[in-house]
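Please read it alongside the sequence and coordinates.

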Amino acid sequence: MVAFHEGSLSAADAAMDRYAMGEDAAFAVVYDVLAPRLYQFLLRSTQDAARAEDLLQQTFLNIHRARGRFIQGASVASWAFTIAGRLHKDEVRRVARRPETNCDIASLDPCTLENRPDRLLEARLAESAVYDTLAHLPKSQRLAFELVKLDGLSLAQVAEILGTTVPAVKALTHRAYCALRTTLQDEAPT
Amino acid sequence: MSLPDHLKRQILAGVAAEPSPTRSAVRRIDAVIAAVVAVVVLGVFLAVGGVRDSGAPRSLPLMIGTFAGTLAITIAVAVFAVRRGTSMLGRPRSHLLFAIIVAPLVLFTWKVLYSSLFDGGLDFWVTRVGHKCLGLSMLLGILPLLALVRSRRGQALRHPRGSGAALGLLAGMMATTLVDLWCPVAHPVHVAYGHVLPILLLAAAGAGLGALSLGMLKK
């Protein structure tokens with residue numbers, strides 16, 4: 001997990017502001033700062049690289065389409081994560097209405113599966129326990145934890161995304177952290 | 001979990017292929033639309049009679065007082081529930097709900113209470129049930145609502161429906177502010193039907209329009 005540096009975030013905000021004013025080259029700066037974190041966020045949400053890539057493209061296209069409306073001084077990261085979250089939510093709804101039945105067997109890589117070492121498997125199990133715990137947390141706690149701890153957004157940005165206050169985000173993150181700590185202690189070998 | 005290399009090229013190419021207006025272009029378009037809407041709304045208002053104090057049984061202080069109160073509520077709604085501030089995500093749900101519930105109540109209370117201070121201020125007019133005020137308010141409010149929703153497309157990701165309702169509330173309040181200069185009646189039933197109901201109807205229309213267009217921008 002690599003946290004956002006305040007500098008890179010303000011650079012993204014400044015670049016987005018320049019892009020809103022018509023400096024086309026500034027979009028690449030916005031992309032460079034936000035894309036890795038957004039991709040990680042989407043990959044975690046979708047568990048599917050192709051879908052994550054598709055949603056990432058849609059997120060940046062949405063930012064591009066609304067660039068003239070970008071408010072000077074606003075946080076482009078909060079905006080981008082909210083767009084990505086909405087796009088994922090819409091996609092989940094669409095898929096729920098029309099479930100996919102075909103499975104692309106050619107896309108499976110048997111070599112990767114065979115070569116997976118035991119330690120990686122154990123790590124995967126621990127990771128799976130973490131994600132299981134996260135999945136069972138109330139949505140607000142899970143989102144607050146993921147955005148702060150995994151995506152490295154600031155408390156203020158997460159408060160903006162969740163439509164709540166900074167102390168509330170702190171409380172949500174803390175509760176999620178306590179639940180995870182309990183789970184990991186239970187999972188740890190005795 | 002590294003980012004695929006081809007993705008940046010693909011996204012930048014996609015962006016280059018789809019032109020989008022810059023901030024100055026958006027402001028120019030918004031200003032033109034706002035000017036056209038203002039001219040049309042004021043034109044309609046003047047065509048139906050404009051400010052009416054002569055001949056009507058209401059004094060100038062009564063008219064100015066109710067107008068000033070309505071204008072103050074309208075400005076409060078604009079600042080509290082519609083102003084964008086420095087967030088790209090729209091106003092918090094609590095602000096939207098508070099404004100939508102409280103503003104019509106405050107308007108009703110202000111208009112009735114202030115009018116009750118004047119002789120005959122709350123008289124019931126048999127010929128003025130409120131149909132004309134209702135119709136005129138809707139007529140004066142619908143264009144501003146459409147213009148406001150258009151100017152906020154794709155900018156209320158968190159609560160598009162609530163944000164649309166707040167825009168409808170503002171459009172309704174602006175219309176009622178003008179209608180207040182036109183209508184001398186302050187009987188509670190008339191105020192509720194002719195002045196408050198259109199605000200609620202425009203807020204409901206705004207909620208519907210908001211759900212359609214204030215969320216994610218579609219191509």
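In this predicted model, the largest pocket holds about 690 Å³ of space. A pocket is an open set of points on a 1 Å grid over the protein atoms alone, with protein on both sides within 12 Å along at least five of seven lines; a cavity is a set of points where a 1.4 Å probe fits but cannot get out; lining residues have an atom within 4 Å of a point. Grid points are joined across faces, edges and corners, and a volume is the space filled by probe spheres set on the points.

The lining of the largest pocket comprises 26 residues, and those nearest the centre are A:Gly85, A:Lys89, A:Lys139, A:Arg142 and A:Leu143. At least two lining residues come from each of helices H2 (26-46), H4 (76-97), H6 (118-136), H7 (139-150) and H8 (155-162) of chain A. Seven residues of the lining belong to H4(A), which gives the most. Helices (H or I, at least four residues) and strands (E, at least two) are DSSP runs, numbered from the N terminus.

The search of the whole structure also finds two cavities of 30 Å³ or more. The largest cavity has a volume of about 140 Å³. It is lined by 17 residues, with B:Val82, B:Gly90, B:Arg91, B:Arg152 and B:Gln155 closest to its centre. Helix H3 (60-82) and helix H6 (160-182) of chain B each supply at least two residues of this lining.

B:Gln155 lies in the loop between helix H5 (131-151) and helix H6 (160-182) of chain B. Why does B:Gln155 count as buried? B:Gln155 is buried because its relative accessibility is 7%, where buried means under 20% relative accessible area, exposed over 50% and partly exposed in between (1.4 Å probe, protein chains only). Leaving aside residues up to four places away in sequence, B:Gln155 touches A:Arg69 as well as B:Arg84, B:Met88, B:Leu89, B:Gly90, B:Leu214 and B:Gly215; contact means heavy atoms within 4.5 Å.

Chain A contains nine helices and zero strands. Of its 190 residues, 43% are buried. Among its contacts between residues at least 6 apart in sequence, 66% join residues at least 24 apart. The mean pLDDT of chain A is 81, with 79% of its residues at 70 or more; pLDDT is the predictor's confidence in each residue, from 0 to 100. Among the elements of chain A, helix H3 (residues 49-65) has the highest mean pLDDT (93) and helix H5 (residues 110-114) the lowest (51).

Chain B has seven helices and zero strands, and its C-alpha trace spans about 80 × 35 × 25 Å along its principal axes. Buried residues account for 47% of the 219 in chain B. Among contacts in chain B between residues at least 6 apart in sequence, 86% join residues at least 24 apart.

Residues are numbered from 1 along each chain as its sequence is written, and chains are lettered from A and ligands numbered from 1 in the order in which they are written. Local features need pLDDT of at least 70 and side-chain atom pairs count only at pLDDT 80 or more, whereas totals for chains, interfaces and linings use all residues; side-chain values use heavy atoms, with hydrogens and water left out.
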